[in-house]
Amino acid sequence: MALGGYMHNVIKYNQSLRLDKSKHFKRTLGGYNLKRDTEKVAYEKPSTGYLKRLKRKLKREQELREFKIGVVFIVGFTLMCALFVYVMF
């Protein structure tokens, strides 16, 4: 039997080992109960002061992240250049 025939038999055998999920999930709704009333969650609107503080906080975090990435890049580049100079001379 050629390699293709062997692979075909393995695939057929693996498919026969799989469970038939259609019988198992026949009467389930996938975790949802359609008869239950939908629950609505009411969120209160945030104040403008809270949104401004949140905006400043997020902006500061982004600036710190960019600074850290820059420092790591500069240190890495410096080490790479130093290693290059050391190896060449």
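How many aromatic pairs does the structure hold? The answer comes below, after a look at the whole chain.

## The model and its chain

This is a predicted model, in which local features need pLDDT of at least 70 and side-chain atom pairs count only at pLDDT 80 or more, while totals for chains, interfaces and linings use all residues. Residues are numbered from 1 along each chain as its sequence is written, and side-chain values use heavy atoms, with hydrogens and water left out.

The protein chain has three helices and zero strands, and its elements follow the order α-α-α from the N terminus. Helices (H or I, at least four residues) and strands (E, at least two) are DSSP runs, numbered from the N terminus. Of the chain's 89 residues, 0% count as buried. Here buried means under 20% relative accessible area, exposed means over 50%, and partly exposed lies in between (1.4 Å probe, protein chains only). The chain exposes about 9,800 Å², and carbon and sulfur atoms supply 64% of that area. Such areas come from the Shrake-Rupley method with a 1.4 Å probe; for residues, only the protein chains shown count as cover.

## The aromatic pair

Back to the opening question: the structure holds one aromatic pair. The rings of Phe73 and Phe77 have centres 6.2 Å apart and planes at 15 degrees, so they are stacked. For this, rings of Phe, Tyr and Trp (its six-membered ring) must have centres within 6.5 Å; planes under 30 degrees apart are stacked, over 60 edge-to-face, and the rest tilted.

Phe73 and Phe77 are four residues apart in helix α3, so about one helical turn separates them. Phe73 is exposed at 58% relative accessibility, whereas Phe77 is partly exposed at 43%.

## A salt bridge

Next, meet a charged couple. A salt bridge needs a side-chain nitrogen of Lys or Arg within 4 Å of a carboxyl oxygen of Asp or Glu, and the count by this rule is one. Arg60 and Glu63 form a salt bridge through their side chains, at 3.9 Å from N to O. These two residues sit three apart in helix α3, so they too are separated by about one helical turn. Glu63 is partly exposed, with a relative accessible area of 42%.

## A nonpolar patch

Tyr50, Leu51, Leu54 and Leu58 make a nonpolar surface patch of about 350 Å². Patch residues have over 30% relative accessible area and no salt bridge; like charges are joined within 9 Å, and nonpolar side chains (Val, Leu, Ile, Met, Phe, Trp, Tyr) within 5 Å. Leu54 belongs to helix α3 and is partly exposed, at 32% relative accessibility.
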